[in-house]
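The questions below are for a reader meeting this structure for the first time.

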Amino acid sequence: MAESSYLLEALKLAKEAELRGEVPVGAVVVFNDQIIGRGLNHREESNDPTGHAEIQAIQAAAKQLQSWRLIDCDLYVTLEPCPMCLSACQQARLRRVIYGAKDEKGGAICLGFHIHDDPRTNHQFEIEYLPQNDCSQILKDFFSKRRKEKKAE
């Protein structure tokens, strides 16, 4: 499966999150060309500040592999990971993280938290920005709708 196909799978999860009233972010973990973990934002639903798509996908993949070490796994996520999620990727020993939309206000890379390539850490991994208009558009539409709803109140 092509890299953009995995981002499309993550986008399906983002759309599901949106239907649940969550910020539309989705993530999948891939091992040997198979999706072994899926996640979507669920902070509102679970009242859990760690309820990010990446965390859920990493947890599902670790269960599937019966190991917390996801050494040969790649994470595809619709939105640039925040510092917490990028740290979780480092802790999980992921091989690579690919994201489809930048997060200039909360994304670890945009904010300068380059945890993935800091030589002081015990694990470094690749980060790739693979721009996908659908990944950014779903977020723009979501927040635009939210702002309109707040003005109407």
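Predicted model: local features only at pLDDT ≥ 70, side-chain atom pairs only at ≥ 80, totals over all residues.

Q: Is C73 buried or exposed?
A: A residue counts as buried when its relative accessible area is under 20%. C73 has a relative accessibility of 0%, so C73 is buried.

Q: How far is the sulfur of C82 from the closest cysteine sulfur?
A: The closest cysteine sulfur to that of C82 sits in C85, while C82 itself is buried, with a relative accessible area of 15%. Since a disulfide needs the sulfur atoms within 2.5 Å, this pair is too far apart for a bond, the separation being 3.7 Å.

Q: How many disulfides does the structure hold?
A: For the structure as a whole, the number of disulfides is zero.

Q: In which strand does R38 lie, and which residues does it touch?
A: R38 belongs to strand β2, which covers residues 34-40, and with a relative accessible area of 43% it is partly exposed. Leaving aside residues up to four places away in sequence, R38 touches E9, L13, A27, V28, Q56, A57 and A60.

Q: What distance separates the C-alpha atoms of R38 and N133?
A: Along the chain, R38 and N133 are 95 residues apart.

Q: What pattern of helices and strands does the chain follow?
A: The chain contains five helices and five strands. Read along the sequence, these elements follow the pattern α-β-β-α-α-β-α-β-β-α.

Q: What is the radius of gyration of the chain, and what does the globule rule give for 153 residues?
A: The C-alpha trace spans about 50 × 30 × 30 Å along its principal axes, and buried residues make up 46% of the 153 residues. The chain is as compact as a globular protein of that length, because its radius of gyration is close to what the globule rule gives, the two values being 15 Å and 15 Å.

Technical notes. Residues numbered from 1 in each chain as written. Heavy atoms only, no water. Helix = DSSP H or I, 4+ residues; strand = E, 2+ residues; numbered from the N terminus. Rg over C-alpha atoms; globule rule 2.2 N^0.38 Å. Buried < 20%, exposed > 50% of the residue type's maximum accessible area, 1.4 Å probe, protein only. Contact = heavy atoms within 4.5 Å.
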